[in-house]
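Subject: Structure handover

Hi,

Here is the structure I promised to pass on. My notes follow below it.

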Amino acid sequence: MKNQFDIFFEGQKKAMEFWNNLSSQMAESVKTNGHDNKKEKEEAQDLFTEWFKKQQAFFEQAMQSGANPQQAFEKAPEQVQQWMEMQNDFAKRWVDFYRENAEKMGLKMPEFPGSYQPSTFFEEGVKNWKNWMEQGNQWASQQVLDKMPFNMRPHYTNFMETFDFMRRYWEPMQRLIQNGLFTKDMVDKYFTPDAYQKVVNQMMGFRPIGNVSELIENINQWFENYFSFAQQGAGEWGTVSDAWKEKMREYMSKGNLPFFEMASDFNNRLRDQMLPFYNIMAQGRQTEMAKLMRDLQFAYIAFVLKSAELQSKVYEAGQFALPDTLRDFYKQYKDKQEMVDYQEFFQHFVNKLENSLLETLHADDYSKLQSEVAAIGTQIKSMTDKATELMGADLPFLTKTDGDDFAKEVNALRRKVRTLEQKIADMEKALLLASKPAVAKEKEETTASGRRTASTASKKK
Amino acid sequence: MSNNQSTNLGDQIVERVNTVSDALRNISGVKDVDIATAPRKTVWEDGKVKLYHFEREDKSRISTPVLVSYALVNRWEMMDLQPNRSLIRKLVSEGMDIYLIDWGYPTRIDRYKTLEDYILGNINDCVDFIRSEHNIDQVNLLGVCQGGTFSLIYSALFPEKVKNLITLVTPVDFDNKEGLLFKWAKDMDVDAIVDGFGGIVPGDFLNTGFDLLKPMNKTRKYLALPETMADQGKLMNFLRMEHWVADSPAQAGETYRRFIKEMYQQNKLVKGEFELGGRKVNLNNIKVPILTIYAKEDHIVPPDTTKPINELVSSKDKELMEFPGGHIGVFVGSRSQKVLAPAIAQWLAERDK
């Protein structure tokens, strides 16, 4: 595994390789010149040699300081400043030299990555430093993560993933901005609905439901497996369930819409139809378990359906955030001919997305749906707890239900003690008012509902 | 040659390197994220609930002690996030004698703890302790957010024990359509939630709700992180806030159930229908001087939920103070340090007879 210093040096190495390659091409260009322009050739070579030596010295120094991480961080700004000055100086001298001598020398244009323009020439080098910066940022992010409380880490990781994920689309986004292409259909071709949903999921902390029908099939399958296993010892009792399940399968395969409402309704009907069946069954732990597992199955399907509906609402709400963002930046590009940087683009998109989402979050139907999702989710948790208790009922452990009994008793006792304390306090007061000696006024108070700690056990005034 | 362009690029890259370099150095140097460092002593406790007394070197300028009642949601440490952003320290330095109730971290054993237990039990016990300790009849109450609602209820039931009342970003009128939290709470199936969670509602569940109020807040915060990290002070502030947000206590189920139902859903306190321990809570019983402070851009407790306090009490001496910023800015904003604590101190000093 790479450590942060490997990453640091990797960036430096990349930068160095670039300049080395460039230098080789330049030297080659001078050497292959068929004309005998000795003076210019030497001048060019001297220029290159001088620059290359400086370059070498610079990187050697950087590498040496890099051996000490603390020193490397401290010196980095100063070194980069020197490096930038060196490149500026060299670029200027090289360009002057080229202008004066190129034709006389018959120099061929070195094959730079990109057509030669001083700014491009410079930017190529800068790119490598940008890479280094990004890698440094990654390392810093990891450091932040390490210092964060554990339950905040997923939020931060989600953000990092989203930021990096969208950056992959930054090149085509720039082209869309430049060309004024921001209709939703066009944007969808480059940034697909799947990609968009991935971003929303990460930002909202959704666990994507994915293909609802498939998931419900899987849920049913899982429970059927469980029941098949249970039936080995309990006989045939699932006929009603089987019949309904078959109908549900048929219904769903026809692709009837609105899917969520229909499926949810169907699920509830199925659950209600099952109740009489369980009521006529023999009582006992096994029956209770069977009923609970069926309830869980229905609850889980309901949860999946409601969650999918909720997520759909959110996806729908924000679907124009990206096209709108592109349109805004197209206007800016048209006016100023300047491309926004990725961070600003991302920030603008995030703000647009939030505004769109908030409209939906304020809607009545969203609020009700969210409430249903939360209620079903917690019910599933409760049922799972109960199922676990039932499964382990013969084991010699205290259960949550036992714990609840304790909690109830403790709270009732605490309340009684407090009531008694207050009664005593009232009696003391009454006695004082009646000019009788106070009872136990000077003794240290130690009660069930409240006690003084040793550090402040001062006498009352 | 486009030397200017190159130089600009150069400046930009050097600036970025500077930022990252500072950020790396700062984050590498972080060993511990400490919050709530104002010196204090635990002077009373009851189970998980503790009463702190903040230490001061000199005699308090305002003779009547102040009891701070924070919300059950989140932790009181927001009031003492760091030395230079500590409302508690500032209140102490302004001459107040500060006590604060730490509600602790409820667990399953507390699932049946009720509003009666918190208000008639814990708050009343703390008030009595301070009265007894200082040999006084009345204390000053400062309630924060939900703790402010508790303080209002307490003051209505025990007016004889309260000298002055201050509510800070406190909801009282829950019939609000502007606040998302208020809207969602109305639709919440709180019985299913409380029972489903086995009687103890996890802090993370509440945090998810708070996050959704401004769903991109975290993204914006993390986006600015490189610049935040380049400044040691901002970095530590960021990390402390992260720790505070993460440190979200669970809620005792029965208290949560009742608060959501009778406040958010039925708005009983404002209607005069709320009862505690068999006694009707009439806010009109509050006749003591009252200072109501709200945050202008509060999206958690919108101003309209707070402002009616002064209309519901029968105090003749009442003041409404608007504070710029949001719910949290009241505690950690620089303006809070400069303006809020001195304003509270002055208001109390004028009534400290």
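Which residues of α10(B) are buried? They are B:Leu235, B:Phe238, B:Leu239, B:Arg240, B:Met241, B:Glu242, B:Trp244 and B:Val245. Please bear in mind that this is a predicted model. Helix α10 of chain B covers residues 232–246. Its 15 residues should span 21 Å at 1.5 Å a residue, and its end C-alpha atoms are 21 Å apart, so the two agree.

**Chain A overall**

Chain A has 461 residues, of which 22% count as buried. It contains 16 helices and 1 strand. Take the contacts in chain A with a separation of 6 or more: residues 24 or more positions apart account for 77% of them.

**The core**

The largest nonpolar core holds 156 residues. Which of them touch the most other members? They are B:Leu67, B:Val68, B:Ile98, B:Tyr99 and B:Cys126. Helix α12 of chain A (residues 285–318) gives this core its largest share, 12 residues. Leaving aside residues up to four places away in sequence, B:Cys126 touches B:Trp44, B:Leu51, B:Leu67, B:Tyr99 and B:Ile101.

A:Ala308 is also in helix α12 of chain A. It has 22 C-beta neighbours inside 10 Å; the cut-off for buried is 20 or more, so A:Ala308 counts as buried. A:Pro208 is 100 residues from A:Ala308 in sequence, yet their C-alpha atoms are 8.0 Å apart.

**Helix α13 of chain A**

This helix runs over residues 321–336 and has 16 residues. From first C-alpha to last, α13(A) reaches 23 Å, close to the 22 Å expected at 1.5 Å a residue. Its buried residues are A:Ala321, A:Leu322, A:Pro323, A:Thr325, A:Leu326 and A:Phe329. What covers them includes α6 (170–178), α7 (184–190), α8, α12 and α14 (342–361) of chain A. A:Gln337 follows α13(A) and has a positive phi, near 55°.

How do α6(A) and α13(A) pack, and at what angle? Their axes are 8 Å apart, and the angle is about 60°. The pair is therefore oblique. The crossing of α6(A) and α13(A) is right-handed. On the α6(A) side, A:Met173, A:Leu176, A:Ile177 and A:Gln178 make the contact; on the α13(A) side, A:Leu326, A:Phe329, A:Tyr330 and A:Tyr333 do.

**Two other helix pairs**

In chain A, look at α5 (residues 153–167) and α8 (residues 193–204). Their axes come within 9 Å and cross at roughly 160°. Angles over 145 degrees count as roughly antiparallel, so α5(A) and α8(A) are roughly antiparallel to each other. α5(A) passes α8(A) in a left-handed crossing. A:Asn158, A:Glu161, A:Thr162, A:Phe165 and A:Met166 of α5(A) meet A:Lys198, A:Val199, A:Gln202 and A:Met203 of α8(A).

In chain B, the pair is α5 (residues 180–187) and α11 (residues 253–265). The axes are 9 Å apart, and the packing angle is about 115°. That makes α5(B) roughly perpendicular to α11(B). The crossing of α5(B) and α11(B) is left-handed. B:Phe182, B:Ala185 and B:Lys186 of α5(B) make the contact with B:Ile260, B:Tyr264 and B:Gln265 of α11(B).

**Loops in chain B**

Most residues other than glycine have a negative phi. B:Asn135 is not a glycine, but its phi is positive, about 55°. B:Asn135 sits in the loop between α3 (115–134) and β7 (139–144) of chain B. Is B:Asn135 buried or exposed? It has 8 other C-beta atoms within 10 Å, so B:Asn135 is exposed.

B:Val169 also has a positive phi, about 40°, and is not a glycine. Its loop lies between β8 (162–168) and α5 of chain B. B:Val169 has 29 other C-beta atoms within 10 Å and is therefore buried.

B:Gly95 lies in the loop between α2 (87–93) and β6 (98–102) of chain B. With 17 C-beta neighbours inside 10 Å, B:Gly95 counts as partly exposed. B:Lys59 is 36 residues away along the chain, and the C-alpha atoms of B:Gly95 and B:Lys59 are separated by 7.7 Å. Not counting residues up to four places away in sequence, B:Gly95 touches B:Ser60, B:Arg61, B:Ile62 and B:Ala345.

Best wishes

Notes:
Residues are numbered from 1 along each chain as its sequence is written. Chains are lettered from A and ligands numbered from 1 in the order in which they are written. This is a predicted model: local features need pLDDT of at least 70, side-chain atom pairs count only at pLDDT 80 or more; totals for chains, interfaces and linings use all residues. Helices (H or I, at least four residues) and strands (E, at least two) are DSSP runs, numbered from the N terminus. The expected span of a helix is 1.5 Å times one less than its number of residues. A residue is buried if 20 or more other C-beta atoms lie within 10 Å of its own, exposed if 12 or fewer, and partly exposed in between; C-beta atoms are placed from the backbone. A nonpolar core is a set of buried Ala, Val, Leu, Ile, Met, Phe, Trp, Tyr and Cys residues joined through C-beta atoms within 7 Å. Two residues are in contact if their C-beta atoms, placed from the backbone, lie within 7 Å. Axes are lines fitted to C-alpha atoms, for helices over the stretch in contact, and angles run from 0 to 180 degrees between N-to-C directions. Angles under 35 degrees count as roughly parallel, over 145 as roughly antiparallel, 65 to 115 as roughly perpendicular and the rest as oblique. A crossing is left-handed if the near helix is turned anticlockwise from the far one by less than a right angle, and right-handed if clockwise.
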